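Please open the structure in a viewer and keep the selection tool at hand. The tour moves from a pocket to a helix and then to charged pairs.

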Amino acid sequence: SRTGPCDRLRRPRFLSAFGQNVGLTPQLIMEKIPFFGYAIEHPFGIRTAGGVCVPRVPKVITPQGFLEFHARMDQSTELELMKLDPELTRDAPARAIAGLRDGGADPALVLVYECSGRYLYLQKEIGPLFDRIRGATTAALAGFFSSAEQGTLPGVGCGSYSYTTSVLGLG
């Protein structure tokens, strides 16, 4: 994912903070904005100490107005609004598989763990996405849609991430 202009949300109640940023009351947000559809294209991110923006996809807005995420986060974590880059999003699985080859691996089987948030974002492009995955390797493939994938990010390390593709080469 590539970040665009970021709006910082530092207040404890998400709906109030988000509403102030977009000029709507919390009630109007719930009534007028298809929030989770919006959040699919504009996930939230947390910036690491190394400057990498790690996507986080919301799970639910609680009755108290708090935003709950699939991956665990500290309550005081500062969030940034992100905008997905469609081309980077479409090419993520093929790039991850290419990373296996670049690392010297020639696996017999590649397991692909694809974020269900990416599935919702790509929707009609899922067929071409599968074609790109098949074209990235001659290995046998098995794939799964998942949530809050475990993997590594350059400069961040191992953790639970959103909007990611994790691959594992075997054999």
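Begin with helix α4, which gives the most to the lining of the largest pocket, namely 5 residues; helices (H or I, at least four residues) and strands (E, at least two) are DSSP runs numbered from the N terminus. The model is a predicted one, in which local features need pLDDT of at least 70 and side-chain atom pairs count only at pLDDT 80 or more, while totals for chains, interfaces and linings use all residues. Residues are numbered from 1 along each chain as its sequence is written, and side-chain values use heavy atoms, with hydrogens and water left out.

**The largest pocket**

Select β3 (53–56), α4 (86–102), β9 (149–153) and β11 (165–170), each of which supplies at least two residues of the pocket lining. The space in this pocket is about 620 Å³. Of its 21 lining residues, R95, T152, L153, P154 and T164 are the closest to the centre. A pocket here is an open set of points on a 1 Å grid over the protein atoms alone, where a 1.4 Å probe fits, with protein on both sides within 12 Å along at least five of seven lines; lining residues have an atom within 4 Å of a point. The volume is the space filled by probe spheres set on the points, which are joined across faces, edges and corners.

**Helix α6**

Next, select residues 126–135, helix α6, whose buried residues are I126, L129 and I133. Viewed down the axis of α6, these buried residues fall within an arc of 55°, so they line one face of the helix; the arc is taken from the directions from the helix axis to the C-beta atoms. On the other side of α6, R134 and G135 are exposed. Buried means under 20% relative accessible area, exposed over 50%, and partly exposed in between (1.4 Å probe, protein chains only).

**Salt bridges**

Now display R132 and D91, which form a salt bridge with their closest N and O atoms 2.1 Å apart. R132 lies in helix α6 and D91 in helix α4, so this pair ties together parts that are 41 residues apart in sequence. A salt bridge requires a side-chain nitrogen of Lys or Arg within 4 Å of a carboxyl oxygen of Asp or Glu.

Finally, select E87, R90, D91, E125 and R132, which salt bridges with shared partners join into one network.
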